[in-house]
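Below are my notes on the model, as numbered points. Please read them alongside the sequence and coordinates.

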Amino acid sequence: MMNDHQFEDPEIPETEEVTHPETEVGFLSEAFSQGLPVPKGAPPPPILVVFPLSAAVPFPGLIMPVLAEARDEAEVMEKALAQGRYVGLLYRPGEPKNGKLRSKDFAAMGVVAEVLKRIRLPDGNSNYLCRGVRRFEIKRFVRLRPVPVAKVTYPEDIYPAGPETEALARNVLSLSQKIASHQPNLGEGFSLAAINMEPAGNLADFVAAYLIRQVEEKQSVLEMLDVRERLHWVDESLTRELVTLELGDRIQTEIREKVEQQQKEYFLREQIKIIRRELGEEMEPQERDREMFLQRLQEQEYPEEVEAKVREEVERLSTIPPISPEYPGVRNYLEWLTELPWCKSSEDRIDVDQAEKILDRDHYGLQEAKERILEFLGVRKIRPEHTGPILCFSGPPGVGKTSLGMAIAEATGRSFERMSLGGMRDEAEIKGHRRTYIGALPGRILQMLRRAGTNNPVIVLDEIDKVGKDFRGDPASALLEVLDPEQNHTFLDLYMDVPFDLSKVMFLATANVLHTIPGPLRDRMEVIELPGYVTAEKVQIARRHLLPRQMQRHGLASSRLKLPVASLRHVVSAYTREAGVRGLEKSLASVCRKRTLEIARGKRPKPEVKADLLEKYLGPPRFLDDRIRLRPEVGVALGLAYTSYGGDLLEIECARHSGNGRVHFTGSLGDVMTESCRIAHGFLRTQAERLGLTEEDFAKSDLHIHFPAGAVPKDGPSAGITIACAMLSRLTGTKLKARLGMTGEITLTGQVLPIGGVREKVLTAKRRGIKQIILPVENERDVRILDPAWTQGLQFVYAGHFHDVLEVAFGARFKGVSENRG
């Protein structure tokens, strides 16, 4: 632009080579700059050869170079020279469509210019030095090709009467001088020329040419014939430009002062270091700590709020004597501020195929959980900023909940941290302690982030169902802020007192049961249930993972110990009875220890340990396929239950003795289960006649219901039909069908209501040798989604009323009752 030049002598040497592009406006002639009449030659003709300018706007009285690069541009200038040295300079924005000029592509008004000199450039192009003479307005184009020619008129400037024009001219002159003071490249010549510029219209043109940046705005000024309107427009543009320049200068001043202060401090500190080193003096503890923390600010990136806090605390530290009790507290706070990974993230390298291989490598089975994890990782890969629900793995111990979190961390390339929430009762463990307390520390969330070294690790919140609550607060409520994607980007630890962004952390949770998790906290998580493993899966897990790991830990080569599949199956069925595989791993570890001891004593046992030799290593079998239990006697029914450790098979016993119609129950039963006993008794009593019983069977005898393993608390409504069957078996003296398990809630009218934990109960039934299962009819949908390997070999009967249970449980004796229940 033209404000890039200094004013020079307006005389044009004959040998001068002009290399300015057409976007640069040249210099004023001496006569024009002093407000004197410009010498005129022949008057401009009514028909002009038009030279299109694509990136500049000409003004009357200004000298500007016009570069003719293309062949057709040079032809236009040569044509103009041949017809009297006048050429019409006209703004044409952009490039012509399809390379063809159209009349509507040109602006409406331009400047007729006198070609003063042609300068041939080394690259073969020509530069024409032109002086603007006056405005012209296009009436019509005579032709556009090969050389644009137009019929034009020459309008005069309009000077309205009144003092406003003079006032605007003075304001424009003042603004132009202020702007020139912000742009040293304009020099003093610009201000001198502006002061001597007359009349006011010429001043507006002069200032617009040099100080207005946008080409479209310059063209608007050129097209304004009303001088007052022209001055007003230029006044507004200059005001905007001045505001922008002043703002830029202020910003630059602030930055320069900040940089100069930092450089000054750095220089002085370095001088102090050198002086002390030369004198052999050691730095004071305060100075040493100050240098350390300020050095960390230089080496690492911190948010502005954190950086300001560090500098404030460093200054405070400098005023505290090292022997003061307050000094360690401030220093410890500074260490936490500077060591937390505020802006340090590890790069995600999510490869879904690789993640699937890692999950299959570390976990056998669990297809539903693996599929959901892969979906979760797939969404994170496509949309890294995705803030979906927190995954919560729910299931009994030993099914691989925590190890799934470790696999996710490995698949994403993130650090892995684990926090056990079991028994936590103080919310300060999550939110931190206030610094007013002695020994205060941040919460465990920020402690794990400091340990991980990045602000986006995988954090597993273990045992989230066992969070406590007392007078010190409610940690579960504190976790709401941590696990809520809408809040955790400004997580405020009470110790740090500076918000930390937890939105990049991948939180996972584990739980054994869900009913103990508070509703609002559970609402923030998506539950993935891990019910446990069947025998075939446990055998494969032992063969692929558990046995090789224990052999490696005990220093056993594969040639020293071999357990065939039959032996592993015997360990699973006779020595462990659980949903997970922890007990199985302990049994395998026992085998490895005893084999290691044999080798240490110099013995050379055969590598293969067959099933009949396991008793030597593990002792007598702990669990047997007891036929008395699977073929229950009179008054005994097998019920399926759900516990925090998976499913379980309960042997519910009923005894009868003389009395007055009451029901007794033992076995550490909860309120809900005792109510189930009374409901089952009440229903059978109302159906006595239909079931072949008399009123005396109830009125003159008491029933005693007992649940074995009395030290274990039991509760829940799902044992209703099992209790009713045990009572009916005792009252009628009829045994229940062998290998039959059942679960379902019963009402006083005999309706069988749906229950939960179907998956765990089915797995337990399969492990314990049950062949037939009675379930509520509404739980049929839960069975349909189970893995076929879990339901293979099991027969399911769905009951909507207790009468549907009778024929299946007792055989033909109650067939008529079942058929005529209505």
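1. Ser729 counts as buried because its relative accessibility is 0% (buried is under 20% relative accessible area, exposed over 50%, partly exposed in between; 1.4 Å probe, protein chains only). Ser729 belongs to helix H25, residues 720-732 (helices, H or I of at least four residues, and strands, E of at least two, are DSSP runs numbered from the N terminus). A polar atom of the Ser729 side chain is 2.8 Å from the backbone nitrogen of Gly635. Leaving out residues up to four places away in sequence, Ser729 touches Glu633, Val634, Gly635, Val636, Thr734, Lys735, Leu736 and Phe810 (contact: heavy atoms within 4.5 Å).

2. On provenance: this is a predicted model, in which local features need pLDDT of at least 70 and side-chain atom pairs count only at pLDDT 80 or more, while totals for chains, interfaces and linings use all residues. Residues are numbered from 1 along each chain as its sequence is written, and side-chain values use heavy atoms, with hydrogens and water left out.

3. The largest nonpolar core has 51 residues, and Ile464 and Phe507 have the most contacts inside it (a core is a set of buried Ala, Val, Leu, Ile, Met, Phe, Trp, Tyr and Cys residues joined through side-chain atoms within 4.5 Å). Helix H10 gives the largest share of this core, six residues. Beyond four places in sequence, the contacts of Phe507 include Ile390, Ile445, Leu461 and Asn488. Another core, of 49 residues, lies apart from this one; among its members are Val57, Ala107, Leu203 and Leu211.

4. The whole structure has 38 salt bridges (a side-chain nitrogen of Lys or Arg within 4 Å of a carboxyl oxygen of Asp or Glu). One of them joins Arg131 and Glu114 at 2.8 Å, N to O. This pair links strand S5 (residues 126-143), which holds Arg131, to strand S4 (residues 109-120), which holds Glu114. Arg131 and Glu114 are both buried.

5. Arg170 and Glu166 also form a salt bridge, at 3.3 Å, N to O. Both are in helix H3 (residues 164-182), four residues apart, about one turn of the helix. Arg170 is exposed, at 59% relative accessibility, and Glu166 is partly exposed, at 45%.

6. Lys370 and Asp360 meet in a salt bridge of 3.0 Å, N to O. Lys370 lies in helix H12 (residues 367-382) and Asp360 in helix H11 (residues 352-362), ten residues apart. Lys370 is buried, with 5% relative accessibility, whereas Asp360 is partly exposed, at 38%.

Notes: A polar contact is a pair of N or O atoms within 3.5 Å; within protein, one must be able to donate a hydrogen and the other to accept it, and residues adjacent in sequence count only if both atoms are side-chain atoms.
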